[in-house]
Amino acid sequence: MSTIAVRKSFLSTVWEYLTTVDHKKIAHLYLGAGGFFFLLGGLEALFIRIQLMKPQNNFVNEQLFNELMTMHGTTMIFLAAMPLLFAYMNAVVPLQIGARDVAFPFLNALGFWLFFWGGIFLNLSWFLGGAPDAGWTSYASLSLASEGHGIDFYTLGIQISGFGTLMSGINFLATIITMRAPGMSFMRMPLFTWTTFIASSLILMAFPPLTISVFYLIFDRLFNSAIFDVTLGGNTIIWEHFFWIFGHPEVYILILPAFGIFSEIIPTFSRKRLFGYSSMVFATILIGFLGFMVWAHHMFTTGLGNVANAIFAVATMAIAVPTGIKIFNWLLTMWGGSIKITVPMIWALGFIPSFVMGGVTGVMQGIAPLDYQLHDTYFIVAHFHYVIIGGVVFAIFAAAHFYWPKMFGKMLSEKLGYVTFAFFFVGFHMTFFVQHFLGLMGMPRRVATFLPGQGLDLYNFISSLGAILMTIGVIVLLVNIVITSMSKQQVANDPWGDGRTIEWALPSPPPYYNFKQLPLVRGQDTWWLEKMEGNKELPPAEPLQDIHMPKGSILPFFIALGLFIAGFGAMYNPLNQVGDGHPMGTVVLIFGLAMTFGTMLLRSLRDDLGYYIPKEELEDDDAKGGKVS
Amino acid sequence: MNKQELRAQYEYRRRKSAEGMRLQLISFGLMAFLTIISFLAVGYGLPKSFVVPILLLLASVQALFQLYYFMHASEKGHGMVMFFMYSAMFVAFITVLCYMTIIWW
Amino acid sequence: MNLLEQKFTPETWPEHPETYTQEGKNKFIGFWLFLAGETVLFASLFATYLALKDSVPNSDHALAADIYSLELVFIMTAILLTSSLTSVYAIYHMRNYNFKQMQLWFFITVLLGLSFLALEIYEFTHYVYEYSFTFGSSAFSSAYYTLVGTHGAHVCFGLGWITALIIRNQKRGLNLYNAPKYYVASLYWHFIDLVWVFIFSVVYLMGMLG
């Protein structure tokens, strides 16, 4: 860890990222891998829209269409949206609470590598006999009947990456509970940290049911068990309930951090403190709490009975209340503020109406009798894309522009940023607004084609054109990223000039130890407060002393790789229902698990005491402006 | 702190933890007792509608003993973790309730 | 000075060694959070078991009331409950800075855990050979084996974990680096017993009522 900026060889950079436990580097990894899967999922979406551009199109066949739409949903939720949000959480949350790293740096790296290998595993299905084809929900009746190994790639891949997500969730919870800087009480935490906290607790409670139900599906398909096998007394509704007990909190796991991001951006560029901070915190907690009591609104038409439907309908509509509180708080934050239009801010401004539209159609579907009409039509597709793109993806793009300087030390181009926004925003509404009407006309979702002359042609064509505009927007963003990366600029600590929270008091990017001295937090909007009092830096809470740092390790990579290998073993074990099993499968399964548990044992037998950065080196850094290569 | 004070403090701590251990033993005795009642209630073939609530009640009481005594949750510094444990129990309860009421075919 | 080299006497040993260091605090919080997740995980298994109890393909297939035996389950319960108490003793000695006694009590815990595991393996083979009650014979058996088997896997993992701790630290005694590790291992062990309380009540005892 030299303090002088030297050009490192490519291989040493790769090795550094393979072994890193630094939350800022792990953020880069999440951003890179999540971004890659985002492009992949986007490409799948583009293919879907090309197929549906005109009636009875032959761009892809029905089987491939099913695989595309399954992989689009699965990739976007598990491998793109969540990891991209994790990227920003990793990059920002430890800085926002004034910590030098997360509570468990090793687990943080392990979480990333599990997600990474799980994602690779899932996508290898394209080359090894076909992708999963039962929809991202993979309902058991359909997924048990699916031929080939597609569904097994889904279950095993989701399982591996799900372990990683669970670990990261626990890690952020522990970090926020134990690692806050002196003075950083819970009610002084920035909203992004708060929403990360609540989203992580949802991960903690929602992923175990998914783990269990995915295990059931793995066992049923690969090890002969009978949980969902109706002929042996099984029951496929069990999958549906588990999937949505997980799946509904999952959408809040996605949207809450997005809310957090906008709750940072809007006050920053309104140059005014967030309106109703405590009600924002309260609304976040309430959404998290209610999020667990509404899952069956995805299942109104399965025949739960009137009482159950009524309870879940009321609980669903109740969620609109805390969400409404948030919307009004954002509006009132801007009201009377001195608004500066920037790329992140324009995404935030686009987000509010787009998300409200998605929220309103959500309440419509919460009305159980109406849902019988809307269920499984394009209306649903329009709704959840309005909330997920209009909420989560907008937040991801906004945060990309907002936090890019903090993560990489360079500003993304403003001009290209506006171009991206224009194409993406217009394209998004073109694609999905008309889908409401397609749904009301009765066009079913997940069907590979439609007949001409039923009034569906024009809207589908418009929708597909919109998808192309969105694609152009994303390509412009990629160009922007490439151009920015090649530029030689180096931004200051607070490149937006109006930063409010602690991360903007640090160099961009921050040194690997984040804080030379842990800061003393004197109030909410900590950095703004100090700036207003004319201070150039945060007051320290401790004398300058040696800093304890965790050591990097390659072991997380191998623990995750072991599960990846074990996945293949499980898939081709002799008991599998496809019938192409081989005794070697069992051997590979055991080998993979042995690798995982052996590496874990190795980790716990070797003492990991970390190392110290001596005080002198820190003082040395001072002279160079605290910048570290 | 001088040696004498240290010693006195140590003696006090030892006494306190010995007392704590006595409490642990008592709770072990209680848990064993509750377990035996559960087994006896089933072994004697009492009516099902009577035994099931008793079993669930005794199991919950035992779980609380396990949490608060054996796992030291009654000591201070457990507020946050107990909040998460109770949230988890709430989700657990809802899940089990769902599977016992609205899964019927 | 690193945590391994710091030497203590019973007098200077902190009252709560498990949360004395920042790493210890993190482990403590993180592990409890993990247990909260495990609570939901086991609840999911219980829920499935309850939904599929006695759900079998035909009348020849064994039902819950046919196969469970009160005596065996009672012995297993007694063993596991006792092992929970022995690990409480181990932590008691850890807090008193009595390394030898702590190792001894953890060792007894491992022995009890092993005998529990042996009985469970006997139980499973008994069901398979006597009643053809196999993993794939019915939805009921699948749900049963996944629930009780997951618990058994936890017992296995716990035994491996505590054994590794005992062996690794045998030569070097108690310090602030390994005290939190012992503590969370004991938490894990208690949690396994906590789950078993519900298994014997809900699966076995309620199962025998039919």
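Me: What makes a residue of chain A count as buried, and how many of the 629 residues do so?
Reply: In this predicted model, the criterion is 20 or more other C-beta atoms within 10 Å of the residue's own C-beta. Buried residues by that criterion make up 55% of the 629 residues in chain A.

Me: How do you know whether the radius of gyration of chain A agrees with that of a compact globule?
Reply: For 629 residues, a compact globule would have a radius near 25 Å; chain A has 25 Å, and therefore the two agree. The C-alpha trace of chain A spans about 70 × 60 × 45 Å along its principal axes.

Me: What share of the contacts in chain A with a separation of 6 or more joins residues 24 or more positions apart?
Reply: Such pairs account for 82% of those contacts, a contact requiring C-beta atoms within 7 Å.

Me: How do you know what span to expect of helix α4 of chain C, and what does the helix reach?
Reply: The expected span is 1.5 Å times one less than the number of residues. With 33 residues (99-131), 48 Å is expected; α4(C) reaches 47 Å from its first C-alpha to its last, which is close.

Me: Which residues of α4(C) are buried, and against what do they pack?
Reply: Among them are Met102(C), Trp105(C), Phe106(C) and Phe116(C). The buried residues of α4(C) pack against α3 (70-95), α5 (139-169) and α6 (179-208) of chain C. Just after α4(C), Ser132(C) takes a positive phi of about 50 degrees.

How values were computed: Residues numbered from 1 in each chain as written. Chains lettered and ligands numbered in written order. Predicted model: local features only at pLDDT ≥ 70, side-chain atom pairs only at ≥ 80, totals over all residues. Rg over C-alpha atoms; globule rule 2.2 N^0.38 Å. Buried ≥ 20, exposed ≤ 12 C-beta atoms within 10 Å, placed from the backbone. Contact = placed C-beta atoms within 7 Å. Helix = DSSP H or I, 4+ residues; strand = E, 2+ residues; numbered from the N terminus.
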